[in-house]
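Here is a friendly walk through one model, with the sequence and coordinates beside you. Keep the viewer open as you read.

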Amino acid sequence: MNNQNPKKLEQISKETPFRVPEDYFEKFPDRVMERFKTKEKQPKILTILKPAFSLAALFTGVALLAYLAIQVIDKPAEQSQFNQADIARTNYDKKFSNEEEIIDALEAEGIQVKDQGKNKKADQYINYLLKEDIDYGTLINELENKNDTSKE
Amino acid sequence: MTEYTDQELLKMFKSEDKKDFAFRIIINKYQERLYWHIRKIVIGHEDADDVLQNTFVKVWNGLYRFREDSKLYTWLYRIATNESLTFLKQKKRRYFIPFIDFENHLKDTLESEEFFDGDQIQKKLQKAILTLPEKQRLVFNMKYFEDMKYDDISEIVGTSVGALKASYHHAVKKIENYLKNNVD
């Protein structure tokens with residue numbers, strides 16, 4: 001019936017040309033059932049790794065919090081631009097309400113504050129002129145005239 | 001060994017203490033038919049073995065949901081068919097094989113297959129079948145080799161009986177043309 005070059009399907013055997021290894025179908029049910037048992041025994045990889053993932057997430061969270069805390073605590077120390085002298089001066093300044101009190105205190109301790117002293121004197125002169133109702137401009141003119149006369 | 005009907009097996013499968021027993025019987029009852037169906041699609045024995053195992057895993061997971069408004073065997077065939085086609089798609093993707101080359105890839109598998117007992121004419125027929133589009137190939141195998149009813153094939157592949165008849169007719173024509181044009 002079968003020739004080497006059949007042209008019609010009917011000329012070809014309908015029998016399967018494939019075969020299987022020996023005892024394949026005898027062993028197959030056991031292999032499949034074994035696979036189910038193994039699957040039931042072995043938890044999925046995700047199930048195994050789930051606690052590890054949770055722990056990793058926890059540690060990451062704690063580390064992040066610690067890092068942020070260190071950043072916050074360290075910041076003032078890093079940003080501090082004052083030295084011991086500044087702190088001392090700040091404490092010292094707190095005792096006085098104005099500059100004059102500081103100058104008085106310094107002078108009382110034997111420290112001469114020249115500029116401030118000059119200013120103090122100038123203030124006294126101005127107060128005197130105001131008190132005597134002397135015009136500052138007139139005084140200057142008179143003084144200049146006096147100087148000119150003496151030069152002549 | 002007692003012969004159980006599909007209804008009896010399904011009932012047993014749904015009771016926890018008889019589940020394994022019932023499933024083992026289902027495997028014994030249908031493994032050969034499903035294997036040969038898968039083998040004709042994927043060609044290689046090792047691949048067919050993988051797909052058959054995956055098919056029964058799917059059956060195990062889905063059998064409790066099976067509604068008895070269709071036959072158990074057509075439901076099993078549908079799963080086996082889907083698993084086989086999915087397997088081929090994955091293989092194409094994994095090895096970056098274009099469709100046209102995949103036909104040649106299956107022909108090579110056929111040539112190198114250790115578990116092939118057919119003569120040259122049968123090999124030629126298998127090569128001719130591999131030239132068919134996927135769905136025609138399925139229909140041809142189920143009708144020609146397994147002599148399945150069109151109604152059952154329709155349930156398995158989800159195509160109308162009329163379309164299946166036309167598909168089978170085209171498949172036979174193409175195969176006979178191949179046989180005529182490829183004389184050794």
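## Starting with chain A

Please keep in mind throughout that this is a predicted model. Chain A has 6 helices and 0 strands, and along the sequence its pattern reads α-α-α-α-α-α. Of its 152 residues, 12% count as buried.

## Helices α2 and α3 of chain B

Now turn to chain B. Two packed helices are described by the angle between their axes and the distance between the axes. For α2(B) and α3(B), the axes come within 9 Å and cross at roughly 140°. That angle makes α2(B) oblique to α3(B), and α2(B) passes α3(B) in a right-handed crossing.

Which residues make this contact? From α2(B) come B:Lys19, B:Asp20, B:Phe23, B:Ile27, B:Gln31, B:Leu34, B:Tyr35, B:Ile38, B:Arg39 and B:Val42. From α3(B) come B:His45, B:Asp47, B:Ala48, B:Asp49, B:Val51, B:Leu52, B:Thr55, B:Phe56, B:Val59 and B:Trp60. Sorted by class, the contact of α2(B) with α3(B) has 12 nonpolar, 3 polar and 5 charged residues.

## Helix α7 of chain B and its partners

Helix α2 (residues 19–42) of chain B also packs on helix α7 (residues 134–145) of chain B, at an angle of about 140° and with the axes 10 Å apart. The pair α2(B) and α7(B) is therefore oblique, and α2(B) passes α7(B) in a right-handed crossing. On the α2(B) side the contact is made by B:His37, B:Lys40 and B:Ile41, and on the α7(B) side by B:Arg137, B:Leu138, B:Asn141, B:Met142 and B:Phe145. By class, there are 4 nonpolar, 2 polar and 2 charged residues in the contact of α2(B) with α7(B).

Helix α6 (residues 120–130) of chain B packs on α7(B) as well: their axes come within 9 Å and cross at roughly 140°. Here B:Leu125, B:Gln126, B:Ile129 and B:Leu130 of α6(B) meet B:Arg137, B:Phe140, B:Asn141, B:Tyr144 and B:Phe145 of α7(B). The residues of this contact of α6(B) with α7(B) divide into 6 nonpolar, 2 polar and 1 charged.

## How covered is α6(B)?

Helix α6(B) is mostly covered, with 9 of its 11 residues buried.

## Salt bridges between the chains

How many salt bridges are there over all chains? The count comes to 7. One of them pairs B:Arg24 with A:Asp30, the closest N and O atoms being 2.6 Å apart. B:Arg24 lies in helix α2 of chain B and A:Asp30 in helix α1 (residues 24–41) of chain A, so the pair joins two chains. B:Arg24 is partly exposed, at 31% relative accessibility, and A:Asp30 is partly exposed at 43%.

B:Asp49 and A:Arg31 form another salt bridge, with the closest N and O atoms 2.7 Å apart. This pair also crosses between chains, from helix α3 (residues 45–62) of chain B to helix α1 of chain A. Is B:Asp49 buried or exposed? B:Asp49 is buried, with a relative accessible area of 7%, whereas A:Arg31 is partly exposed at 33%. B:Asp49 also takes part in the contact of α3(B) with α2(B).

## A salt bridge within chain B

The side chains of B:Glu146 and B:Lys40 meet in a salt bridge at 4.0 Å, N to O. This pair links distant parts of the chain, 106 residues apart: B:Glu146 is in the loop between α7 and α8 (150–157) of chain B, and B:Lys40 is in helix α2 of chain B. B:Glu146 is partly exposed, with a relative accessible area of 22%, while B:Lys40 counts as buried at 6%. B:Lys40 is also one of the α2(B) residues in contact with α7(B).

B:Lys71 lies in the loop between α3 and α4 (72–94) of chain B and is partly exposed, with a relative accessible area of 40%. Leaving aside residues up to four places away in sequence, B:Lys71 touches B:Phe66, B:Asp152 and B:Glu155. The C-alpha atoms of B:Lys71 and B:Gln7 are separated by 9.7 Å, and the two residues are 64 residues apart along the chain.

Conventions: Residues numbered from 1 in each chain as written. Chains lettered and ligands numbered in written order. Predicted model: local features only at pLDDT ≥ 70, side-chain atom pairs only at ≥ 80, totals over all residues. Heavy atoms only, no water. Axes fitted to C-alpha atoms, helices over the stretch in contact; angles between N-to-C directions. Helix = DSSP H or I, 4+ residues; strand = E, 2+ residues; numbered from the N terminus. Parallel < 35°, antiparallel > 145°, perpendicular 65-115°, else oblique. Left-handed = near helix turned anticlockwise from the far one by under 90°. Contact = heavy atoms within 4.5 Å. Nonpolar A, V, L, I, M, F, W, Y, C, P; charged D, E, K, R; others polar. Buried < 20%, exposed > 50% of the residue type's maximum accessible area, 1.4 Å probe, protein only.
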